[in-house]
Amino acid sequence: MGEIHRIMVEDACTKDVFRELDGFLLIVNVLAILHDFLDESDSSVTQTEEGERLAFMLLGESLRDHAANQKYFEVSSALSWE
């Protein structure tokens, strides 16, 4: 995830690719997996927190100054609550 974040910072066109390849779904899945992992092993709290930090950094960067991703995230979030 760190490498994806680095590439996204370097080249903003990758934000479109992130959205088109279901990057937002990837973030949700990673967070769910990390949550399950944390429940199973308290000894890996630091690794889990680092994974969460990277996931939220990637999410934030994908939305920063990118209207299409902001709209997509807003709409898909609203649909998931219905």
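What percentage of the 82 residues of the protein count as buried? The share is 28%, where buried means under 20% relative accessible area, exposed over 50%, and partly exposed in between (1.4 Å probe, protein chains only). This is a predicted model, in which local features need pLDDT of at least 70, side-chain atom pairs count only at pLDDT 80 or more, and totals for chains, interfaces and linings use all residues. Residues are numbered from 1 along each chain as its sequence is written, and side-chain values use heavy atoms, with hydrogens and water left out.

**View 1. The overall fold has five helices and zero strands.** Along the sequence the pattern reads α-α-α-α-α. Helices (H or I, at least four residues) and strands (E, at least two) are DSSP runs, numbered from the N terminus. Take the contacts between residues at least 6 apart in sequence: 68% of them join residues at least 24 apart. Contact means heavy atoms within 4.5 Å. The accessible surface comes to about 5,600 Å². Carbon and sulfur atoms account for 60% of that surface. These areas come from the Shrake-Rupley method with a 1.4 Å probe; for residues, only the protein chains shown count as cover.

**View 2. Helix α1 runs alongside helix α4, roughly parallel to it.** Helix α1 spans residues 2-10 and helix α4 spans residues 45-63. Their axes come within 9 Å and cross at roughly 20°. Axes are lines fitted to C-alpha atoms, for helices over the stretch in contact, and angles run from 0 to 180 degrees between N-to-C directions. Angles under 35 degrees count as roughly parallel, over 145 as roughly antiparallel, 65 to 115 as roughly perpendicular and the rest as oblique. The α1 side of the contact is made by Gly 2, Ile 4, His 5, Met 8 and Val 9. They meet Leu 54, Met 57, Leu 58, Glu 61 and Ser 62 in α4.

**View 3. Phe 18, Phe 24, Tyr 72 and Phe 73 are linked by ring pairs into a cluster.** The structure holds three aromatic pairs. Rings of Phe, Tyr and Trp (its six-membered ring) pair if their centres lie within 6.5 Å; planes under 30 degrees apart count as stacked, over 60 as edge-to-face and the rest as tilted. Phe 24 and Tyr 72 are stacked, because their ring centres are 5.6 Å apart and their planes stand at 25°. Phe 24 lies in helix α3 (residues 23-40) and Tyr 72 in helix α5 (residues 67-81), so this pair ties together parts 48 residues apart in sequence. Phe 24 is buried, at 7% relative accessible area. Tyr 72 is partly exposed, at 34%. Phe 24 also pairs with Phe 73: the centres are 5.5 Å apart and the planes at 45°, so this pair is tilted. Phe 73 lies in helix α5, so the pair with Phe 24 of helix α3 joins parts 49 residues apart in sequence. Phe 73 is partly exposed, with 29% relative accessibility.

View 4. Arg 19 counts as buried, at 17% relative accessibility. Neighbours within four places in sequence are left aside here. Beyond them, Arg 19 is in contact with Phe 24, His 66, Ala 68, Asn 69 and Tyr 72. Ala 68 sits in helix α5. Ala 68 is partly exposed, at 39% relative accessibility. The C-alpha atoms of Ala 68 and Arg 19 are separated by 8.9 Å, although the two residues are 49 apart along the chain.
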